[in-house]
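Please prepare a briefing on the structure shown here, covering its chains, its domains and the contact between the chains.

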Amino acid sequence: MSCSITRWWVAVAWIDRILKEGSRRVEEVEVFYGEGTAISADLKRRNVNLAIRSDECGLGIRTIDKGRIGSSTTHDPKRWRECLDAAIASGRLATPQQWGGLPRQSEFSTETLCYDPTIPVDPKTASGLLGKMLEGAAEHPAEVTSGTATVSSTTDTVANSNGVRYTSRHTGVSVSLEAIKEHSTGSEFAQSCYNDIDPYSVGERAAFFASQSAGGTDIQTGKYDILLSPIAYAELLGAAFIPALSGRNVHAGRSHLASQLGESIMDSQSSMYDDTYRQKGLGSTFWDAEGMPARRVEFVRGGTLSSFAYDLRTAYRYGKESTASALRSGAHGGTGIGHHNFIVDGPRTEVADDRVIYVHSVVGAHTANPMSGDFSVEISNSFWMEDGEFQAPIRSAMLAGNVFAMHKETGGISEEVRQIGSLVLPSIRLISQRIIGT
Amino acid sequence: MSEPPGIRYYDLRHVRGESTLVDIDNGSVESAGTSFFNRAILRVLGPHGWGILQIDNFKPASWEKFNALLDSAAKLAAITGQDVNLHEASQRACKVPVMSEDPRGISIEEKTSLLAEIERAAALPEVVNRRANYIERSEHVTFSDSSGHEFSYEICRSGFNVLAVASRNGTMQMGYEREHSIHGFDLRHRQEYGRNAAKVAVSLLDAGHAKGGRMRVVLDPELAGVFAHEAVGHASEGDLVQEGNSVLAKMTGASIGNNRLTIVDDPALPEFGFEPFDAEGVAVQRTEIIRKGVVNAFLHSRETLAAVGNGIAGHARAMGAEPPLVRMSNTYIENGDSTREEIMEACKNGILLKGSRGGQVDPGRGVFQFNAEYGYLIERGECTTMVRDVSLSGDILSTLHGILLCGNDRAMHPGYCGKGGQSVPVSDGAPHVLLDNAVVGGSGVD
């Protein structure tokens with residue numbers, strides 16, 4: 001019961017006391033315990049300004065009694081009785097729902113999916129990553145404004161009163177850098193659960209976008225073909241499309257896609273799926289946050305909407321099957337519906353051969369309308385592109401469109417994919433999109 | 001006893017408390033419960049930069065154990081190379097406003113019942129989803145530093161959001177209302193928020209798309225507040241100025257807007273972004289960022305004030321026990337002397353934008369974007385057709401010159417602002433504002 005990393009069986013033995021006490025008072029109990037350490041170092045311009053060590057631990061308890069679900073969390077494992085009381089009290093207020101029980105223990109491979117013991121979680125490693133990014137940034141005439149490098153190691157345990165006892169270890173390395181030339185900014189980042197990122201390249205790309213975007217020219221309002229980089233695509237998908245795949249939003253009346261199951265929603269050769277066991281995937285796992293055995297979820301197959309994502313709670317309520325899509329937002333967060341490694345796939349084409357406007361990222365994606373999918377955002381680090389080569393930068397413009405409709409207006413996806421958090425995305429070419437120039 | 005060698009300064013901020021959340025979705029109580037948090041941050045200033053420890057489940061320690069923590073933080077600081085200096089600052093705490101009714105004295109059953117009334121009020125024909133959340137966070141914060149300062153305070157922020165989603169023939173639109181406060185429990189007799197959210201959602205089903213392009217725009221007080229926050233506030237943050245990542249760097253004394261425009265940030269104002277002292281124990285007070293159209297001062301922490309100058313410290317804020325960042329608190333455009341009617345008349349033809357779905361800025365590039373919840377076309381000074389999904393973007397250094405008139409009806413609106421992975425409570429405000437030659441984004445065409 002401390003914030004240091006304990007051996008997994010010690011954690012489980014301690015958690016057994018909560019499960020035993022809770023089971024005397026309610027039908028079922030679920031416990032989540034996470035602990036870990038992260039070390040970060042931040043650049044201010046080209047010098048390291050600060051280094052942080054963060055020791056985190058969090059306990060979450062969920063109780064189920066006669067279909068009433070209660071929950072509570074705490075940073076202090078020694079206050080587990082208070083946390084258990086709060087979870088049970090919370091359940092008494094909840095509206096009862098159909099409930100078919102927490103999962104039972106399954107057997108899994110002992111292989112680790114997101115753990116690399118060669119990652120040293122120490123300040124020197126973080127400092128070294130920053131140094132490599134600075135070397136890369138020196139490739140182009142831009143000034144570094146800020147940067148961050150983080151290394152981390154965490155252990156998560158999920159257990160329940162039906163016998164589930166799962167513990168997984170995770171490691172992480174992430175870097176990011178921002179650069180500027182005159183009033184032109186550029187940024188890049190990389191993250192992995194393995195010791196395989198290329199900080200030099202991150203620095204080089206950030207400085208490249210800052211320096212190459214300088215001196216941009218205006219563009220006339222009109223319709224243009226757009227090439228969204230994986231970053232820009234991820235920003236728009238995450239703001240409005242992916243929430244519409246959540247079973248809870250679908251059944252609650254908050255999803256544009258709710259009535260389109262079995263209908264064509266994108267190119268007939270394209271697909272979207274959750275690949276839970278993806279090699280080196282940042283969200284790869286054998287089980288979800290409720291202890292359900294993880295599995296591949298086909299959201300879109302052959303262009304047709306095939307499935308939504310469900311956790312146990314939503315699945316039981318609406319007579320569906322859990323897709324093992326429960327996620328927990330950190331050691332001190334609650335559970336919700338999400339995905340593990342969200343993939344967009346389809347036939348690969350040379351998306352940048354014909355003249356197109358390349359959009360590296362957008363400003364204001366989170367202001368998209370999550371119900372209708374409409375957005376109008378400022379584009380960043382945008383260039384005319386032809387034969388795959390960056391040409392003249394575009395100074396400023398807005399892109400207005402609809403995140404659902406645009407998937408029926410595609411001109412192909414790129415061979416290269418990029419991992420952005422739990423999304424693995426290609427660049428996507430969109431036909432005849434509306435640009436508002438200056 | 002003394003701290004380990006090589007430490008120029010340290011401070012400790014311990015944040016503990018409880019949060020209560022109630023979530024009602026289409027009449028079903030999804031959750032209604034309390035969670036507990038307890039976290040501390042210890043900052044040590046070494047020979048060069050900072051070494052910082054963040055500790056979950058923190059308990060005040062003996063001097064010997066505390067010295068060991070200082071030593072650990074000092075070792076982290078050893079990898080830093082930037083020479084950080086701290087500006088002298090007045091350190092004192094002001095009083096937290098007394099609450100009209102302490103939310104902690106009200107049972108969660110009553111909170112749930114009152115929230116359910118607001119959620120039910122959103123039930124109109126064509127509304128397919130109603131969702132209401134109550135959020136209450138009670139924080140006890142203690143601050144101490146190596147200079148012998150020691151302050152503490154307790155603050156309870158509470159409020160609610162209500163969302164209504166309307167649907168017809170495959171078209172979906174939403175209405176959203178919220179109220180958050182430091183002044184006490186505010187859930188009683190608030191059904192009109194639910195009704196308004198529903199009315200907006202249903203009305204938007206018939207709204208058209210705005211045609212994008214340059215035009216005259218009237219911003220309502222909520223959206224004009226977001227405009228001040230995004231277009232000016234972030235770019236005035238001392239850390240961005242220090243990094244060379246703000247278009248306002250080296251612009252002190254420059255005229256960037258018309259002489260009617262004054263933009264202020266004031267953490268001492270008893271609004272949702274209020275702080276009794278900042279995250280470095282520094283006294284909070286008003287800063288005029290823009291005074292009569294001229295860049296006047298930046299927002300600062302002790303570190304950025306020492307590095308950049310021009311302004312005052314007292315603007316360092318943190319989400320819980322996260323590292324302090326230079327942040328806005330209560331940001332607003334000062335009242336002008338025009339009435340709303342005069343502004344509408346002066347606009348003649350353009351668009352009125354109302355409510356906020358948030359915004360974002362790239363302060364180094366000087367480009368901002370924000371989105372209205374809805375709007376109305378203005379024709380011959382009168383509101384006509386309702387429009388949806390309309391946003392506005394612009395260039396910080398030129399857009400402010402386009403402010404033609406400021407109204408005399410300033411109102412503040414609560415919200416949250418994200419920066420560096422931290423979300424902190426803020427309020428933004430303004431009177432109605434008339435903006436000329438603004439770039440409006442929308443997918444409508446002729």
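**Domains, fold and chain contact**

In this predicted model, the centres of domain 1 of chain B and domain 2 of chain B, taken over C-alpha atoms, are separated by 23 Å, the domain bounds coming from an automatic or database domain assignment. The model being predicted, local features need pLDDT of at least 70 and side-chain atom pairs count only at pLDDT 80 or more, while totals for chains, interfaces and linings use all residues. Residues are numbered from 1 along each chain as its sequence is written, with chains lettered from A and ligands numbered from 1 in the order in which they are written.

**Domains of chain B**

- The assignment for chain B gives domain 1 as residues 9-204 and domain 2 as residues 209-443.
- Between these domains, 37 residues of domain 1 of chain B are in contact with 28 residues of domain 2 of chain B, where two residues are in contact if their C-beta atoms, placed from the backbone, lie within 7 Å.
- On the side of domain 1 of chain B that touches domain 2 of chain B, the elements giving two or more residues are strand 1 (9-25), strand 2 (28-45), strand 3, strand 4 (127-145), strand 5 (150-168), strand 6 (171-181) and helix 3 (191-204) of chain B; helices (H or I, at least four residues) and strands (E, at least two) are DSSP runs, numbered from the N terminus.
- That side of domain 1 of chain B comprises 19 nonpolar, eleven polar and seven charged residues, with Ala, Val, Leu, Ile, Met, Phe, Trp, Tyr, Cys and Pro counted as nonpolar, Asp, Glu, Lys and Arg as charged, and the others, Gly among them, as polar.

**Overall fold of chain B**

- Chain B contains eight helices and 24 strands.
- The radius of gyration of chain B is 23 Å, close to the 22 Å that the globule rule gives for 446 residues, so chain B is as compact as a globular protein of that length; the radius is taken over C-alpha atoms, and the rule is 2.2 Å times the number of residues to the power 0.38.
- The C-alpha trace of chain B spans about 75 × 55 × 35 Å along its principal axes.
- Of the contacts in chain B with a separation of 6 or more, 74% are between residues 24 or more positions apart.

- Of the 446 residues in chain B, 57% are buried, a residue being buried if 20 or more other C-beta atoms lie within 10 Å of its own, exposed if 12 or fewer, and partly exposed in between, with C-beta atoms placed from the backbone.
- Leu12(B), which lies in strand 1 of chain B, is buried, with 23 other C-beta atoms within 10 Å.
- Leaving aside neighbours within four places in sequence, Leu12(B) is in contact with Ala40(B), Leu42(B) and Ser144(B).

**Domains of chain A**

- Chain A is divided into domain 1 (8-203) and domain 2 (215-438), whose C-alpha centres lie 24 Å apart.
- The contact between them takes 32 residues from domain 1 of chain A and 21 residues from domain 2 of chain A.

**Contact between the chains**

- Chain A and chain B each give 68 residues to their contact.
- Strand 2 (residues 47-65) of chain A supplies eleven residues, the largest share of the side of chain A that touches chain B.
- Strand 2 of chain A and strand 3 (residues 50-56) of chain B run parallel and are joined by six bridges, two strands being paired if DSSP finds at least two bridges between them.
- Leu50(A) stands opposite Trp50(B) in strand 3 of chain B.
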